[in-house]
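Hi everyone, thanks for coming. Let me put the sequence and the model up on the screen, and then we can walk through a few places together.

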Amino acid sequence: MLRAIGSKKDLELLPFYDLISDLLEHETVQSLKQFRHHVQTTRFQHSLNVAYYNYIFCSRFGWDARAAARAGMLHDLFFYNRKEYVRKSGEAFHSKRHPQMACSEASRLFTLSTREKDIILKHMWPMTPTRLPRYKESMVIVLTDKYCAMLEVVIPLFRKLFRRCSSASK
Ligand SMILES: [Fe+2]
Ligand SMILES: [Fe+2]
């Protein structure tokens, strides 16, 4: 069962799933499961979380939810351990470089629209100040990416604290 962080819904039963199922089944996208992202989660799960919240937000406002979901799933398509990279070259380089890397890799594997490319390339704005988001959907991912990162760090932390408190009270 596929789920997004903070949601109890089975994503495979939603129209959302049909929009990105070809991406989810691709072996390169599947390989994102090997990489940790934001401490406790995998890069695959983080991408799925962002894709889902992009979709929810853009559907609600009648924007391009398909492009938002697909670009969300591909926005962090890079294949190195982030911590090791940051240790060697610095966080600024990673923040600025990986949107371009993800967009190149995603364009090599899938046919992307101009809007989807923009969503991927601009998702780290304002860390990439010269790349101003051109579409509403590109602005949405700037927010959902941070929102998901916050949930991915905070929820496991709260679970850990809750487990510690409940075992201490026994
Ligand atoms: Fe990213
Ligand atoms: Fe991300």
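Let's start with the metal site: the donor residues of the iron ion (ligand 2) follow the spacing H-x28-H-D-x68-D in sequence. Donors here are N, O and S atoms within 2.8 Å of the metal (3.2 Å for Na, K and Ca), and water is not among the atoms, so sites may look incomplete.

A word on the ground rules. This is a predicted model, where local features need pLDDT of at least 70 and side-chain atom pairs count only at pLDDT 80 or more, while totals for chains, interfaces and linings use all residues. Residues are numbered from 1 along each chain as its sequence is written, chains are lettered from A and ligands numbered from 1 in the order in which they are written, and side-chain values use heavy atoms, with hydrogens and water left out.

So which residues coordinate the iron ion (ligand 2)? They are His-46 and His-75, each through NE2, plus Asp-76 and Asp-145 through OD, at 2.2 Å. The angles subtended by these four donor atoms run from 84 to 176°, which makes the arrangement irregular. For that label, four donors count as tetrahedral if all angles lie between 85 and 135 degrees; four count as square planar and six as octahedral if opposite donors are over 155 degrees apart and all others between 65 and 115; anything else is irregular.

Asp-76 coordinates both the iron ion (ligand 2) and the iron ion (ligand 1), and the two ions are 3.4 Å apart. His-46 sits in helix 3 (residues 43-60) and Asp-76 in the loop between helix 4 (65-74) and helix 5 (82-89), so this pair ties together parts 30 residues apart in sequence. Helices (H or I, at least four residues) and strands (E, at least two) are DSSP runs, numbered from the N terminus.

Now the packing. Helix 5 and helix 6 pack at about 120°, with axes 7 Å apart; axes are lines fitted to C-alpha atoms, for helices over the stretch in contact, and angles run from 0 to 180 degrees between N-to-C directions. These two helices are therefore oblique to each other (under 35 degrees is roughly parallel, over 145 roughly antiparallel, 65 to 115 roughly perpendicular, the rest oblique).

Helix 6 (residues 91-109) and helix 7 (residues 114-122) pack at about 150°, again with axes 7 Å apart. That makes helix 6 roughly antiparallel to helix 7.

Last stop: the peptide bond from Trp-125 to Pro-126 is cis, with omega near 10°. Pro-126 is in the loop between helix 7 and helix 8 (136-168).
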